[in-house]
Amino acid sequence: EAVARDAQNNTSAPDTADSGYTLPTVAIDTFTIGSEGNEVSSELNGSATNASHVSVTLTGPNGLEETFDVEVVNGSWSVDLSELELPEGSYSVEVVARDAQNNTSTPDTADSGYTLPTVAIDTFEVGSEGNEVSSELNGTATNASHVSVTLTGPNGLEQTFDVEVVNGAWSVDLSELELPEGSYSVEAVARDAQNNTSAPDTADSGYTLPTV
């Protein structure tokens, strides 16, 4: 408001005007990088106010760093990550909005990522002592709920077992099987609740009886 006055202290009618500014703001609404059935999926979007564009920086495993400059449309923005290689690991994203005058927002950040299962066979033994056959099969797994175990052996033997992972460990009871002399192989594959599977682990064992 402005009011003029003269030497006699007469004053004018006031005049008024308004001005001001509002800085941009930005928010990440969804940031997910995950895997189901060993198929990687991703989603990254959010909202912004008083902004024309958003600068998005994604960092991840193996030194990954990608920057995207995306337009804000009706208060929303999104980034398509589907063309990127997104291996297992941890990811972070930082977004900053800007307006036409190049004013920038406070950044917003978020984290996501995934870890695939792993499996290891710790013990695999099929043997005989005093013509009594014995067997042992067990191992460990990480980020897994179950392990699929396939045993192959003599005379076309093939048996598959689906066993639960308990406190990071698993085992298979082979005592009910006929296990004649010969060579045996086992393959174990772990899986998680999203049906992601590990690389397989394998082992061999067996025995041969004396001949005379």
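Reader: What makes the three strands E1, E2 and E5 an open sheet, and in which order do they stand?

Author: In this predicted model, the three strands follow the order E1-E2-E5 with antiparallel pairing, and the sheet they form is open. Strand E1 (25-36) and strand E5 (76-78) are the edge strands; each has a single partner strand, so one side of each is left without a neighbour in the sheet. From one strand to the next, the twist averages 15°.

Reader: How do you know that strand E2 and E5 are paired?

Author: Pairing requires at least two bridges between two strands. Strand E2 (residues 39-49) is joined to E5 by three bridges, and the two run antiparallel.

Reader: What joins E1 to E2, and in which sense do they run?

Author: E1 and E2 run antiparallel and are joined by 11 bridges. With at least two bridges required, E1 and E2 therefore count as a pair. Ile 28 has Gly 46 in E2 as its bridge partner. The hairpin of E1 and E2 has two residues between the strands, and Gly 37 there takes a positive phi near 60°.

Reader: Why is Asn 74 called exposed?

Author: The term applies over 50% relative accessible area. Asn 74 has 78% relative accessibility, and therefore counts as exposed. Asn 74 is placed in the loop between strand E4 (65-71) and E5.

Reader: What is to be noted about the phi of Asn 74?

Author: Most residues other than glycine have a negative phi. Asn 74 is not a glycine, yet its phi is positive, at about 50°.

Reader: Which strands of the four-strand open sheet stand at the edges, and why?

Author: The four strands of this open sheet are in the order E11-E10-E13-E14, with antiparallel pairing. Strand E11 (157-164) and strand E14 (201-207) each have a single partner strand, so one side of each lacks a neighbour in the sheet, and both stand at the edges. The twist averages 20° from one strand to the next.

Reader: How do you know that strand E13 pairs with E14?

Author: Strand E13 (residues 182-191) and E14 share seven bridges in the antiparallel sense. Since at least two are needed, the seven bridges qualify E13 and E14 as a pair. The bridge partner of Ser 185 in E14 is Asp 204.

Reader: Is Asn 167 buried or exposed?

Author: Asn 167 has a relative accessible area of 80%, which is set against a cut-off of over 50%, so Asn 167 is exposed. Asn 167 lies in the loop between E11 and strand E12 (169-171). Although not a glycine, Asn 167 has a positive phi of about 55°.

Methods: Residues numbered from 1 in each chain as written. Predicted model: local features only at pLDDT ≥ 70, side-chain atom pairs only at ≥ 80, totals over all residues. Heavy atoms only, no water. Axes fitted to C-alpha atoms, helices over the stretch in contact; angles between N-to-C directions. Buried < 20%, exposed > 50% of the residue type's maximum accessible area, 1.4 Å probe, protein only.
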